[in-house]
Amino acid sequence: MRLKLRKEFFPFYSKSKLINHNTNHNYLTRHYRQLHSSAADLSAPATATATATKTTTDLVSLTRHYATCYWQLSKARLSMLVVATSGTGFVLGSTSAVDLSALSWTCMGTMMVAASANSLNQVFEVKNDAKMKRTSRRPLPSGRISIPHAVGWASSVGLGGTALLATQANLLAAGLAASNLVLYAFVYTPLKQIHPVNTWVGAVVGAIPPLLGWAAASGDICLNAMILPAALYFWQLPHFMALAYMCRDDYAAGGFKMYSLADESGRRTALVALRNSIYLIPLGFLTYDWGVTSEWFCLESTALTLAISAAAFSFYRDRTREKARRMFHASLLYLPVFMSGLLIHRRSDNQQPLEDNATSFVKSSSSAETIELEDENGNQKMERQSNRRQARPPVAYASAAPFPFLPAPSYNVP
């Protein structure tokens, strides 16, 4: 009976076991899926974090790469020296109160234009730079950045810097910046492969930034504005002649026509350096006589110029790499000390003698202001007057001064 019942209910028993087996299998499957889903949910944040970290690292690496390339394309140290000369010119061309906001905009615009000019210079000289040891690792010869990319960078910062100067300073300053960019990139740069006169053209390029700063501050260019540009022009020749002598083999390999390459003995190269060092001596006296600085600057400037002249004479007498290097280092010291002396001893409006105004060569429309005056009948009339400060007249070279570069007698106009 018991056996019979088992046989009777066996189909039901087997079906129940099958149902239970399927139920257990489904339960285990769901449990496994839940565990797998939980593991996936736990690993998803880790994967997302790793991806985000990798993306951030790549972005930082890319930013660092292009920042380094732009820095080297712009020759940032040279561009900052240009900015320093432009800023000094701005302060000298300002009244007693320097507009710090305008000074900042002028320096920023100058930096952008200088970066553009230096970048275009490297675009045009990429094949020459690849042949020279000291320039072969620049971004373009080394292939770290493409030429179209460099042209785009140079064009954007050049146009941006010029526009910044035009809107925040005046059109005269913007015009000087644009002219200097063209002169450096499209005249000086190709001349380096054609004729040694490129050095003198380059000296003109270096003399314009302080003139730009003066124009940005005052809106005009007068005789007093020529002091610092003259110093930069004469300073660049001994500075670069020393560099050209030390690196003449490298310049020859690069295909640049430098003055030192045609001067095997180095005598003429050293003579150019000595002659232009001596030309710097009168500038200290001129700054005092024209009312730009106090009399103390005459002594300091003379001592400084005699020092660089002595280094140039030593190089002329003994034309070796060591002497050229000493003169190069002396020229590096001269410029910041000279500009610092100009800023320390400069005369403000209330310290300057009120005599005839210095002759204004170029005047910007934004440099004039309108004032109201009353005529003899009591009627108001309008008069435009430049905001430039009054300065002493230039030296009269036909005067009774014992030496033409000494301060000339003052002439009081009745």
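A: Glu125 is buried, with a relative accessibility of 1%; buried means under 20% relative accessible area, exposed over 50%, and partly exposed in between, computed with a 1.4 Å probe on protein chains only. The model is predicted, so local features need pLDDT of at least 70 and side-chain atom pairs count only at pLDDT 80 or more, while totals for chains, interfaces and linings use all residues. Residues are numbered from 1 along each chain as its sequence is written, and side-chain values use heavy atoms, with hydrogens and water left out.

The partner of Glu125 is Lys192, in a salt bridge whose closest N and O atoms are 3.2 Å apart. A salt bridge here is a side-chain nitrogen of Lys or Arg within 4 Å of a carboxyl oxygen of Asp or Glu. Because Glu125 is in the loop between α3 (100-124) and α4 (126-130) and Lys192 in the loop between α6 (171-191) and α7 (198-218), the pair ties together parts that are 67 residues apart in sequence. Helices (H or I, at least four residues) and strands (E, at least two) are DSSP runs numbered from the N terminus. Lys192 also counts as buried, at 9% relative accessibility. The charged end of Lys192 sits over the ring of Phe256 as well, 4.8 Å from its centre; the criterion is NZ of Lys or CZ of Arg within 6 Å of the ring centre and within 35 degrees of the ring normal.

The structure holds six salt bridges. Another one of them joins Glu295 and Arg347, at 3.8 Å from N to O. Glu295 belongs to the loop between α11 and α12, and Arg347 to the loop between α13 and β2 (360-363), so this pair ties together parts 52 residues apart in sequence. Glu295 is partly exposed at 40%, whereas Arg347 is buried at 14%.

Glu322 is partly exposed, with a relative accessible area of 41%. Salt bridges with shared partners join Glu322, Arg325 and Arg326 into one network.

Helix α13 itself runs over residues 321-345; its 25 residues should span 36 Å at 1.5 Å a residue, and its end C-alpha atoms are 36 Å apart, which agrees. The expected span is 1.5 Å times one less than the number of residues. Among the buried residues of α13 are Met327, Phe328, Tyr334, Phe338 and His345. The buried residues of α13 pack against α2 (76-93), α8 (227-246), α10 (267-279), α11 (283-289) and α12 (296-317). Of these helices, α8 has 17 of its 20 residues buried, so α8 is largely enclosed by the rest of the structure.

Twelve aromatic pairs are found in the whole structure. Rings of Phe, Tyr and Trp (its six-membered ring) pair if their centres lie within 6.5 Å; planes under 30 degrees apart count as stacked, over 60 as edge-to-face and the rest as tilted. Phe297 and Phe338 have ring centres 5.3 Å apart and planes at 65°, so they are edge-to-face. This pair links distant parts of the chain, with Phe297 in α12 and Phe338 in α13, 41 residues apart. Phe297 is buried at 2%, and Phe338 is buried at 0%.

Notes
Contact = heavy atoms within 4.5 Å.
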